[in-house]
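This briefing concerns the predicted model shown below.

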Amino acid sequence: MSQIHEKLEYENISLAPISKRIFAFFIDEFILAGLFMAIYFEYFKGFQTQEEIIAAISGLMLQYISIRTIYHTFFVWYFGATLGKIAMKIACIDIGYLDKPSIGASFLRAVVRNLSESAFYLGFIWAFGNPAKQTWHDKLAKTVVIDVG
């Protein structure tokens, strides 16, 4: 048994099932897409064709990645969970002191999460073979996602 498992078991904490993490991911993506569209609604009203809209979205990728990074950093740091995780009753904790991650760890986690997504979600797939169900962003930020409900 790994050191992480032993520590969590001692504190009577269980890891979040992958299924809950997947649902939380999609809830967060839906929220972020809605937030992005609300912010840039007026910007998109002027485009007529699908090609114009796709080109406009491509030009806003840096803004979208920034919004995602801010969202994940703030919610994981302040609440220990994004809105999707809150809805699924799971949370992110630091494996060192079993509490919400620091702002630095939350930011690192958000940045590496974006990189993992751009690498064909390989960092997420990593969690399926990892005993502590850690993704790349969890591993580097020294966090795990736990079940709280």
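In this predicted model, the axes of α7 and α8 cross at roughly 95 degrees and come within 6 Å. The two helices α7 and α8 are therefore roughly perpendicular to each other, since angles of 65 to 115 degrees are classed in that way.

**Contact of α7 with α8**

- On the α7 side the contact comprises Arg113, Ser116 and Glu117, and these meet Leu122, Gly123 and Phe124 of α8.
- By class, the residues of the contact between α7 and α8 are two nonpolar, two polar and two charged.
- The loop between α7 and α8, the latter spanning 122-129, contains Phe120.
- Although Phe120 is not a glycine, its phi is positive, at about 60 degrees.
- Phe120 counts as exposed because its relative accessibility is 71%, and the threshold for that class is over 50%.

**Packing of α5 with α7**

- Two packed helices are described by the angle between their axes and the distance between the axes.
- For α5 and helix α7 (residues 103-118), the axes cross at roughly 140 degrees and come within 8 Å.
- α5 and α7 are therefore oblique to each other, as an angle must be over 145 degrees to count as roughly antiparallel.
- The crossing in which α5 passes α7 is right-handed.
- From α5, the contact draws on Ile65, Arg68, Thr69, His72, Thr73, Val76 and Trp77.
- From α7, the contact draws on Ile103, Ser106, Phe107, Arg109, Ala110, Val111, Arg113, Asn114 and Glu117.
- Seven nonpolar, five polar and four charged residues make up the contact of α5 with α7.

**Packing of α2 with α5**

- The axes of α2 and α5 lie 11 Å apart, and the helices pack at an angle of about 125 degrees.
- α2 and α5 are therefore oblique to each other.
- α2 and α5 make a right-handed crossing.
- Asp28, Glu29, Ile31, Leu32, Ala33, Leu35, Phe36 and Ile39 of α2 meet Tyr64, Ile67, Arg68, Tyr71 and His72 of α5.

**Nonpolar cores**

- The largest nonpolar core consists of 10 residues, namely Leu32, Phe36, Tyr40, Phe44, Ala56, Leu60, Tyr64, Ile67, Tyr71 and Phe75.
- Two or more residues of this core come from each of the elements α2 (18-39) and α5 (61-78).
- With four residues, α5 gives the most to this core.
- Phe75, a member of the largest core, touches Gly80, Ala81, Thr82 and Leu83 when residues up to four places away in sequence are not counted.
- A second, separate core has nine residues, among them Leu8, Ala91, Ala132 and Ile146.

- Pro101 is located in the loop between β2 (90-94) and α7.
- Pro101 counts as buried because its relative accessibility is 2%, and the limit for that class is under 20%.
- Apart from neighbours within four places in sequence, Pro101 is in contact with Val76, Trp77, Cys92, Ile93, Asp94, Ser106 and Thr143.
- The C-alpha atoms of Pro101 and Ala81 are 9.8 Å apart, while the two residues are 20 residues apart in sequence.

**Backbone at Lys133**

- Most residues other than glycine have a negative phi.
- Lys133 has a positive phi, near 55 degrees.
- The position of Lys133 is in the loop between α8 and α9 (136-141).
- Lys133 counts as partly exposed because its relative accessibility is 26%.

**Overall chain**

- The protein chain has three strands and nine helices.
- Starting at the N terminus, the order of elements in the protein chain is α-β-α-α-α-α-α-β-α-α-α-β.
- The C-alpha trace of the protein chain spans about 60 × 25 × 25 Å along its principal axes.
- Of the 149 residues in the protein chain, 41% are buried.
- Among contacts in the protein chain with a separation of 6 or more, 70% are between residues 24 or more positions apart.

Methods
Residues numbered from 1 in each chain as written. Predicted model: local features only at pLDDT ≥ 70, side-chain atom pairs only at ≥ 80, totals over all residues. Heavy atoms only, no water. Core = buried A, V, L, I, M, F, W, Y, C linked by side-chain atoms within 4.5 Å. Buried < 20%, exposed > 50% of the residue type's maximum accessible area, 1.4 Å probe, protein only. Contact = heavy atoms within 4.5 Å. Axes fitted to C-alpha atoms, helices over the stretch in contact; angles between N-to-C directions. Parallel < 35°, antiparallel > 145°, perpendicular 65-115°, else oblique. Left-handed = near helix turned anticlockwise from the far one by under 90°. Nonpolar A, V, L, I, M, F, W, Y, C, P; charged D, E, K, R; others polar.
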